[in-house]
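Hello,

Here is the structure we talked about. Please open it alongside this email, and then read on for what turned up.

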Amino acid sequence: MRPLSEWLPHDWRQRLYIIIFEADTREGRLFDIALLIAIVLSVLTVVVSSVPAVQATMPIPMAILEWFFTLLFTAEYIARLLSAHRPMRYALSFYGLIDLLAILPTYLAILVPELHGLIDVRLLRLMRAFRILKLTAYVNEAGILSIALYNARRKILVFLGFISIIVVIFGTLMHIIEGPEHGFTSIPVGIYWAIVTLTTTGYGDVVPVTGLGKAITGFVMLLGYSVIAIPTGIMGAEIHSAMRKKPITTRTCGQCQTEGHDPDARFCKHCGSELGPYQSDTTPPPEPS
C-alpha cells in the first residue's frame, strides 16, 4: 500500500507543501490568513458555547459551527500529511500534535460516548481551546522571540535560581518571625507568601502581623519591582540582537520541519538535508548594517 504522502504527484505535493508550510508566497500568506481567521472563530465558538444562555437557546447552531470547524481542520491536517515529505515526523512534531488536538475531542465525544462516565464531557470541549496554540505557528515574529528565548536560556535559568534562593530565604524568615499563630505554619507556606509578595500579587490570605514581618514585607515588595527589570532587560537585548541578524524567512525543511532558513541556503542547518528551491514573490529586505 502506498504511503499517504505519495497519493499526490510530486509537483502537486511540492506546491501544496510551499503553500501550507511556508508563507513567503501570495498563496501561502492567503492560506495562513484564512487559517488564522478560522482558528480565532473556532475558539470564539468554544468560548461562546460555554455560556449557559447560549447552550439553552442555540445548541444546534453551535453544534453545526463546531462540526464545520472540525471538518475544516481535519481537511487541513490531511493536506499537511499528504504534502509533508516525512508525514510521521510532522505528525509527531509539536505543531502536528497540536493540529491533532484541534480535531480529536469532537470525534472522541462521538466515537466513545462512554467517556462521560469516566470524565466530564466539558473537559473535551475545553480541549478544543488548544486550537489557540496553532496561532503561534503563523506569527512570523514568533521566530524572533523563540531565538531570543533560546539565546537567553542560561541567563534566565540563573535568574530563576536567584529568585528561588530569595523566596526560600524570606519564606524561612517569615516562618520564624511570624510563626504558626499568624498563619505561617510551615516553611512552604512562607515560600508561598514570598512568591506572592515578590510578584506583587498580594492575595491577602497569609499576611504578617508583627512589625518586623511588615518591614520585611515592604522590602520584598520593593525588591519585586526591581527584579522585574532583570528579565525585561535580558529579553530586550536578545530580541534586539536577533532582529539585527538576517531576516527570517518561513522556508521550511521538508525532512525535519524546521523553518527560518536563509533564502540562498542549499541544505538544512539542523539535519543537513537538501532544501527545495526557495519561492517568494516579495523582495527580501536588505540586511541591517
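Is Trp-193 buried or exposed? Trp-193 is buried, because its relative accessible area is 3% and the cut-off for buried is under 20%. Please keep in mind that this is a predicted model.

**Overall picture**

The protein chain has 11 helices and 0 strands. Read along the sequence, the pattern is α-α-α-α-α-α-α-α-α-α-α. The chain has 289 residues, and 34% of them count as buried. The accessible surface comes to about 17300 Å². Carbon and sulfur atoms hold 70% of that surface. Take the contacts in the chain with a separation of 6 or more: 60% of them are between residues 24 or more positions apart.

**Annotated spans**

The unreviewed UniProt entry carries the annotation "transmembrane region". According to that record, it covers residues 33-54, 60-79, 91-112, 132-150, 157-177 and 215-237. I can give you numbers for two of these spans. Residues 157-177 are 100% helix and 0% strand, with end C-alpha atoms 30 Å apart. Residues 91-112 are 91% helix and 0% strand, and their end C-alpha atoms lie 23 Å apart.

**Aromatic pairs**

The count of aromatic pairs comes to 7. One of them joins Tyr-77 and Tyr-90. This pair is tilted, with 6.0 Å centre to centre and 45° between the planes. Tyr-77 lies in helix 4 and Tyr-90 in helix 5 (residues 87-92), so the pair ties together parts that are 13 residues apart in sequence.

Phe-184 and Trp-193 form another aromatic pair. This one is edge-to-face, at 5.9 Å centre to centre and 70° between the planes. Phe-184 is buried, with a relative accessible area of 0%.

**Charges over rings**

Which ring does the charged end of Arg-80 sit over? That ring belongs to Phe-21, and the distance to its centre is 5.1 Å. Elsewhere, Arg-153 lies over the face of Tyr-150, at 3.9 Å from the ring centre.

**Two more residues to look at**

Start with Thr-70, in helix 4 (residues 59-83). Helix 4 is also where Tyr-77 lies. Thr-70 has a relative accessible area of 0%, so Thr-70 is buried. A polar atom of its side chain lies 2.8 Å from the backbone oxygen of Glu-66.

Then go to Val-196, in helix 10 (residues 187-198). Why does Val-196 count as buried? Its relative accessibility is 10%, and buried means under 20%. Leaving aside residues up to four places away in sequence, Val-196 touches Thr-201, Gly-202 and Tyr-203. Val-206 is 10 residues from Val-196 along the chain. The C-alpha atoms of these two valines are separated by 9.6 Å.

Best wishes

Technical notes: Residues numbered from 1 in each chain as written. Predicted model: local features only at pLDDT ≥ 70, side-chain atom pairs only at ≥ 80, totals over all residues. Heavy atoms only, no water. Helix = DSSP H or I, 4+ residues; strand = E, 2+ residues; numbered from the N terminus. Buried < 20%, exposed > 50% of the residue type's maximum accessible area, 1.4 Å probe, protein only. Contact = heavy atoms within 4.5 Å. Areas by Shrake-Rupley, 256 points an atom, 1.4 Å probe, with all protein chains shown as cover. Polar contact = N/O pair within 3.5 Å; in protein donor to acceptor, adjacent residues only side chain to side chain. UniProt positions renumbered as here; feature names shortened; annotations may be inferred. Phe/Tyr/Trp six-rings, centres within 6.5 Å; stacked < 30°, edge-to-face > 60°. Lys NZ or Arg CZ within 6 Å of the ring centre and 35° of its normal.
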